[in-house]
Amino acid sequence: MTTQLERKILALVKHSFDAITLIDPLGKILYASSSIKQIAGFTSAEMVGMNAFKLVHPRDLPLVMKNMAMILKKKRAVAKVEIEAKRKDGSWMWIEVVGTNLLSDPDIQAIVINFRDITQQKKSQRRLLYLSSLVESNLDAIWSLSLENTIKSWNEGAERLYGYKVEDIIGKPTDLIVAPNKQRELQELTKKIIKGQMIQNFETGHITKDGKRIDVSVSMSPIKDVRGDVVAVSVIARDITEHKKALDSLQNTLKELANIKFALDQSSIVAITDKSGVIQYVNDQFLKISKYSKEELIGKTHRVINSKYHPKEFFRTFWKTILSGKVWHGEIRNRAKDGTYYWVDTTVIPLLGKDGKPKQFIAIRNDITQRKELEQNLKFLSDASTILSASIDYETTLKNLGNLIIPYLADYCRIVVTDKNKQIKEIAVNHIDHRKIFLVKELYNKYKDDTANTYGVGKILKTGKAEHISKITPDIFNRVNPQIARIMRKLNLQSYMGVPMKIGKKIVGALTFSSTTKERLYTSQDLEVAKELAQRAALAIDNARLYMQSQKAVMIRDDFISVASHELKTPVTSLKMYTQAIQRKLEKRKKSDFTKPFIKMNEQINKLTVLISDLLNVSKIQHGKLELEMEAVDLNELSSDTVELLQETERKHTIIVVGKISRKVYADSYRIYQVLTNLLTNALKYSPLGDKVIVRLSSKKDYAKVSIQDFGIGIEKEYTKKIFDRFYRVTSPEGKTYPGLGMGLYIANEIVKRHGGAISVVSSKGKGSTFSFTLPYSHNNRDPMLLYQPRLG
């Protein structure tokens with residue numbers, strides 16, 4: 001019978017939370033307490049006879065066998081391990097096993113295994129280990145502080161951030177890492193934590209071990225004991241110093257961008273579109289110039305402001321450029337909502353996506369309407385000047401000017417001039433629609449018949465003042481004759497201006513301009529253009545009239561020269577004959593003292609004869625009566641004879657002839673003799689300090705060339721084209737003018753041209769000149785003025 005103690009022991013074993021088994025050295029279970037069912041699910045009867053090692057997790061079996069071998073070596077040896085074992089349902093549990101070698105005990109003769117279920121404990125340990133690992137491996141600084149503001153825990157992240165080792169910081173006050181001006185702030189935060197609040201991402205300032213100030217973002221939470229009382233505060237701190245710098249930099253950048261946007265909005269027209277050109281954003285300047293509202297533009301394309309001014313190819317090139325990711329720059333003419341046009345200098349910048357393709361476009365424009373209008377106005381005025389200077393027939397030029405005004409500056413216009421009796425003469429009446437010209441003429445006739453007219457040509461000519469009505473209002477119609485108002489309405493008159501054409505204070509005519517479209521309402525700038533046009537037209541009229549007057553004076557002068565030279569020729573010829581007769585009688589009587597004055601007189605009569613001959617030649621040239629007797633001429637012989645004749649009376653210079661012409665030319669020998677004489681006489685006259693003149697003869701493929709070189713005063717380049725004009729005379733370096741009327745070169749040039757040749761000069765001031773002329777070998781019988789003119793050289 002069991003004793004009372006034994007019964008108590010058995011009851012204790014039965015009701016214990018720990019399980020007890022007895023196994024032999026091979027692991028066979030000899031006994032299992034009834035508490036085994038609560039732990040493993042097996043009954044005691046089921047356990048007896050099982051091999052305990054088969055219930056051990058394969059991973060832990062080596063550990064079990066190692067400890068089994070150890071305790072078998074020594075009596076009463078004890079081993080303790082934590083392993084996983086299999087339950088009856090196949091799940092695994094953690095158990096703490098204590099094995100004791102009692103094989104030598106006669107009452108037991110087995111190995112006693114005590115084990116308890118520690119699965120929940122293991123899970124808690126693992127969770128704590130996991131959490132600890134998270135804390136330690138976290139890049140953020142994680143630390144805790146007591147309610148007395150001393151540091152209780154410190155992870156590696158805190159070590160990296162602040163520079164303190166665990167052993168250097170634990171138990172130390174927080175003022176080591178919290179900036180002095182932030183200590184009170186920390187105390188207030190701690191109070192909130194004790195009250196149960198959570199602090200998330202609070203930005204503050206901390207200090208590192210080396211004294212460096214850092215910006216941190218902290219999150220704080222309470223640490224509670226098992227009763228739920230707050231015993232400490234957990235702090236997670238993240239260094240945001242660089243983030244703050246980046247944020248400050250970003251804010252500065254955003255501010256700069258805001259300033260740039262403000263500047264752009266003040267001065268530029270800005271729009272943003274998607275990759276298809278659909279408008280997503282427009283600034284106030286865009287709305288102002290286009291006269292559309294934001295609602296009317298957002299979601300639309302720029303076709304809404306297309307003026308149809310540019311060809312399709314223009315926009316094809318535009319889209320090809322920006323879709324390729326390149327910046328496009330150019331000038332575009334757009335149409336506003338009210339129908340007016342404006343010009344913009346445009347830059348379109350593609351914004352590229354990650355794939356390198358445009359996802360948006362930013363268009364930055366500047367209003368250049370005034371500049372373009374100025375350019376167009378300058379071109380218009382330049383074209384007008386070209387027309388006005390094209391002819392001295394000012395009536396024709398003014399009619400052509402009317403064609404230019406329409407449609408650039410008006411839809412219909414009128415040009416009138418006044419004659420010397422101040423009578424109005426109609427020059428041009430134009431309308432963009434030719435079918436309505438009769439209406440314009442009818443309107444102007446009504447104005448002419450209405451002596452009390454308020455506006456128009458009559459009043460402009462009377463007052464000499466410009467008229468400008470930017471917008472024709474009903475009040476304007478009420479102020480004019482009803483019949484005139486009726487025609488104005490038919491013409492759909494919208495705007496008007498009129499300007500006088502004046503030379504000084506003298507009024508010579510007037511221009512009126514009328515617009516029939518609301519898109520063209522005349523501005524003060526348009527009026528200035530009209531005034532400038534009228535001024536240029538007035539100058540053209542005045543110049544034409546002055547030219548006609550000068551031509552009349554020239555005709556009178558030429559007629560006088562022609563008559564005077566003819567009238568002088570006969571008495572001079574008679575004078576020369578009488579002088580020579582007297583001179584011969586005196587020579588026969590051997591009165592040499594009396595013959596010298598007659599010799600001098602004869603020389604002056606010869607000069608007068610040449611002068612009269614030149615005047616006659618000029619007159620013939622001007623009237624187209626210079627006759628040429630063409631024949632084959634040997635220029636070598638003609639040049640030598642001319643030089644020989646001149647050399648007889650020339651004592652200071654030696655005239656040298658070099659070269660030879662291989663073929664005869666077809667020319668008037670007397671007229672070419674005149675050319676040679678004039679050129680040689682000039683060479684001698686304008687080289688007073690020289691001692692020679694060179695005549696060079698040469699043959700070219702199609703023409704003969706004669707050059708005459710002197711070493712005299714020379715001619716400045718700017719005057720070389722003038723020397724062939726009538727009556728032009730060259731001056732010396734000292735400003736001295738040489739004798740003569742300046743007709744020799746003019747006559748020579750005209751003779752050479754009528755032979756189909758050309759004359760030129762190469763000269764250097766102070767070094768001399770070389771005159772050259774060419775004559776073709778053949779002759780065109782149809783028109784001497786159209787003969788081949790070879791290039792000199």
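## Surface and burial

Accessible areas come from the Shrake-Rupley method with a 1.4 Å probe; for residues, only the protein chains shown count as cover. On that basis the protein chain of this predicted model has an accessible surface of about 46,200 Å². Carbon and sulfur atoms hold 55% of that surface.

The chain has 793 residues, and 41% of them count as buried (under 20% relative accessible area, 1.4 Å probe, protein chains only).

## Basis of the values

The model is predicted: local features need pLDDT of at least 70, side-chain atom pairs count only at pLDDT 80 or more, and totals for chains, interfaces and linings use all residues. Residues are numbered from 1 along each chain as its sequence is written, and side-chain values use heavy atoms, with hydrogens and water left out.

## Elements and contacts

The protein chain holds 23 helices and 27 strands. These are DSSP runs, numbered from the N terminus: helices are H or I with at least four residues, strands are E with at least two.

Residues 24 or more positions apart account for 55% of them.

## A five-stranded open sheet

Five strands line up as E22-E24-E25-E27-E26 in an open sheet with mixed pairing. Two strands pair if DSSP finds at least two bridges between them. Strands E22 (654-659) and E26 (759-764) are the edges; each has a single partner strand, so one side of each lacks a neighbour in the sheet. Neighbouring strands are turned by 15° against each other on average, direction ignored.

E24 (residues 692-699) pairs with E25 (residues 703-709) over six bridges, in the antiparallel sense. Ile694 stands opposite Gln709 in E25.

Key: Buried means under 20% relative accessible area, exposed over 50%, partly exposed in between (1.4 Å probe, protein chains only). Contact means heavy atoms within 4.5 Å. Axes are lines fitted to C-alpha atoms, for helices over the stretch in contact, and angles run from 0 to 180 degrees between N-to-C directions.
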